[in-house]
Each structure stands twice: as structure tokens, then as C-alpha cells.
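Student: Could we go through this structure together? I would like to start with the charged side chains and then move on to other topics.

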Amino acid sequence: MPKDDTGRLPKYLRIAAALKDAIASGEYGPGDRLPGESDLMSAYGVARMTARQAFGVLQAEGLAEARKGAGVFVREFKVGVRRRGIQRLAVEVWGSGGSIWAADGKGHEPVVEVLGIAEEAAPVTVAAVLGIGEEPVCVRRRRFLLDGKPVMLATSYLDAALVAGTPVTEPDTGPGGIYARLAELGEAPARFREEIRSRMPSPDEAARLALAAGTPVVLVCRTAYTAQGKPVEVNEMVMDASAYVLEYEFDAS
């Protein structure tokens with residue numbers, strides 16, 4: 001396995017490169033245990049700290065994960081959620097009392113944890129989208145789990161004056177969720193806009209999603225609009241990138 005084509009790079013980076021080549025070639029597949037620190041020390045004639053640094057590179061890049069007492073293993077990416085970005089938001093789903101989240105988690109047992117509901121000052125960007133100035137917003141914070149594993153954090157912002165006294169301000173929003181309740185208020189969502197980005201998680205996000213080192217997150221910011229073009233909700237989502245496939249299917253027209 002050792003390949004030392006050049007002495008220019010630090011030893012730990014050369015070892016990491018060799019391990020990455022072995023993973024890419026299929027010598028080590030998803031879930032396979034990589035050589036131990038002692039193996040690398042013997043093969044490359046390096047100190048234990050150098051071997052650990054090499055493993056650290058693979059973990060930081062999301063290619064490997066350490067399991068306490070067992071070693072370092074090639075990372076497995078098990079998709080738990082196929083998020084169909086267009087179909088899931090159809091009025092046929094929430095308008096009939098269905099759950100958008102349940103539609104994502106078919107074949108799994110979805111759980112929604114409500115982390116908090118409060119009236120707060122809106123972030124500047126959210127206030128600008130909703131067009132509410134300095135008026136308060138109703139903020140709903142949730143964590144979504146599949147088979148007991150957290151996969152997404154979501155924060156919804158709605159005009160507090162609009163939803164005051166409705167189930168939107170309660171943990172259980174009822175059949176069809178927020179969108180069905182907005183429809184009852186005469187503000188049914190008719191159009192959605194989503195922006196998607198990715199980055200590494202903050203320490204708080206990594207803890208709340210129980211992310212392994214090197215796992216990025218996908219950020220989806222969705223705005224719901226009425227048929228008249230009025231924005232009625234901004235939903236900021238942080239998703240475990242190793243758990244999601246984002247699927248979009250639409251006509252060419």
C-alpha cells in the first residue's frame with residue numbers, strides 16, 4: 001500500500017493520500033476497517049502521532065470515521081430521506097391533511113420534535129422577505145428524526161399577528177400542518193421558492209444532528225407565497241448531507 005512518489009509533502013499527508021487512493025480504488029469499501037495505527041507505523045516507519053494525523057485528514061474530509069475501541073472505518077453514507085422537492089409541496093399532500101415530512105420518510109418512522117415556539121424579532125433577512133418591518137414573528141423550531149436518528153433542523157418564521165391564537169402557535173398544528181392552517185386563514189400557499197446551499201455545520205448544529213466529523217450540511221431556505229404573491233412563511237432548514245437525496249422532477253416547458 002505505501003506509495004511515496006515525492007518527499008515534498010509531510011509524511012502524514014502522503015499516508016493520507018495513499019489511504020484515499022486505496023478507498024477510491026475499492027481496496028477498502030464502505031464500512032471496511034482501515035489499517036490500524038500500528039500498521040501504518042510499521043508500513044511507513046513513522047511515529048504514532050503521524051499515523052493519527054493521517055487518519056485525522058480522512059476524518060476531516062468525511063471519508064472515514066473513528067469508532068471507539070474498534071478503529072477507523074471507511075465512512076458509509078446511508079440515504080434515509082429522498083426529498084422530492086416539488087411533489088412533496090403539492091396541495092394534494094397538505095390540503096388533504098397529509099404531512100410533508102411523512103411523505104419524505106416513506107418506509108421509516110418519522111418523528112418531529114418541537115424545540116420551541118415563540119414570538120421574536122425577525123432576522124433582518126426574514127423581515128425583508130415577509131415585508132413586516134419591526135413587527136414580531138412567530139418562530140417554530142423543530143428537529144426531525146428518522147428511526148431515532150436526527151436528520152434535519154427546521155425553523156419557520158410567520159407573521160405573528162396573522163397566526164396569533166391559531167394552532168400554528170401550538171406544538172401540534174393539526175392535519176396538514178402549517179400550510180393547511182394558513183389556508184383556513186385565507187392565506188393558502190400557492191407557490192414556493194427554495195434556495196439551496198451547503199457548508200460545514202456549526203458546533204451546535206453538529207451536536208443537535210449528531211453528525212460525525214467531516215459531515216457537511218445542506219441548507220434549504222423555502223419561502224411560501226399566496227396566489228397573490230404574498231410571502232407567508234420562511235422556513236430555514238439544516239439537513240444532514242449524508243442522510244438526504246434532493247430530487248427534483250418537472251416538465252420541460
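Predicted model: local features only at pLDDT ≥ 70, side-chain atom pairs only at ≥ 80, totals over all residues.

Student: With which residue does Glu 113 form a salt bridge?
Tutor: The partner of Glu 113 is Arg 143, and their closest N and O atoms lie 2.9 Å apart. The two residues belong to distant parts of the chain, 30 residues apart: Glu 113 sits in strand E4 (residues 110-121), while Arg 143 sits in strand E5 (residues 136-146).

Student: And which residue forms a salt bridge with Glu 120?
Tutor: That residue is Arg 141, with 2.8 Å between the closest N and O atoms. Since Glu 120 is in strand E4 and Arg 141 is in strand E5, the pair ties together parts that are 21 residues apart in sequence. Glu 120 is partly exposed at 28% relative accessibility, and Arg 141 is partly exposed at 31%.

Student: Why can such side chains pair at all?
Tutor: Side chains of opposite charge can pair when their charged atoms come close.

Student: How many salt bridges does the count come to?
Tutor: The count comes to 13 salt bridges. Among them is the one between Arg 193 and Glu 195, whose closest N and O atoms are 2.7 Å apart. Both of its members are partly exposed, Arg 193 at 43% relative accessibility and Glu 195 at 42%.

Student: Which residues are linked in a network of salt bridges?
Tutor: Glu 37, Arg 48 and Arg 52 are linked in this way.

Student: Let us turn to the sheet. In what order do the 6 strands of the open sheet come?
Tutor: The order is E4-E5-E6-E9-E8-E7, and the pairing is antiparallel. E4 and strand E7 (191-199) are the edge strands, each of which pairs on one side only. On average, neighbouring strands of this sheet are turned by 15 degrees against each other, direction ignored.

Student: How many bridges join E4 to E5?
Tutor: These two antiparallel strands are joined by 11 bridges.

Student: What is the phi of Asp 147 in the hairpin of E5 and E6?
Tutor: Asp 147 takes a positive phi near 50 degrees; this hairpin has 2 residues between the strands.

Student: How many residues of strand E6 are buried?
Tutor: Strand E6 (residues 149-159) is mostly covered, with 9 of its 11 residues buried. E6 also pairs with strand E9 (residues 231-240), over 6 antiparallel bridges. Within that pairing, Ser 156 stands opposite Asn 235 in E9.

Student: A change of topic: how many disulfides does the count come to?
Tutor: The count is 0 disulfides.

Student: Now the surface. Which residues make the nonpolar surface patch?
Tutor: Ile 86, Ile 196, Tyr 248 and Phe 250 make a nonpolar patch of about 400 Å². At 41% relative accessibility, Ile 196 is partly exposed.

Student: One last item: where is Pro 175 found?
Tutor: Pro 175 is in the loop between helix H7 (160-163) and helix H8 (177-184). Pro 175 is exposed, with a relative accessible area of 59%.

Student: What separates the C-alpha atoms of Pro 175 and Gly 98?
Tutor: Their C-alpha atoms are separated by 6.4 Å, although the two residues are 77 residues apart along the chain.

Notes
Residues numbered from 1 in each chain as written. Heavy atoms only, no water. Salt bridge = Lys/Arg side-chain N within 4 Å of Asp/Glu carboxyl O. Helix = DSSP H or I, 4+ residues; strand = E, 2+ residues; numbered from the N terminus. Buried < 20%, exposed > 50% of the residue type's maximum accessible area, 1.4 Å probe, protein only. Pairing = 2+ DSSP bridges. Axes fitted to C-alpha atoms, helices over the stretch in contact; angles between N-to-C directions. Patch = residues over 30% accessible without salt bridge, like charges linked within 9 Å, V, L, I, M, F, W, Y side chains within 5 Å. Areas by Shrake-Rupley, 256 points an atom, 1.4 Å probe, with all protein chains shown as cover. Disulfide = S-S within 2.5 Å.
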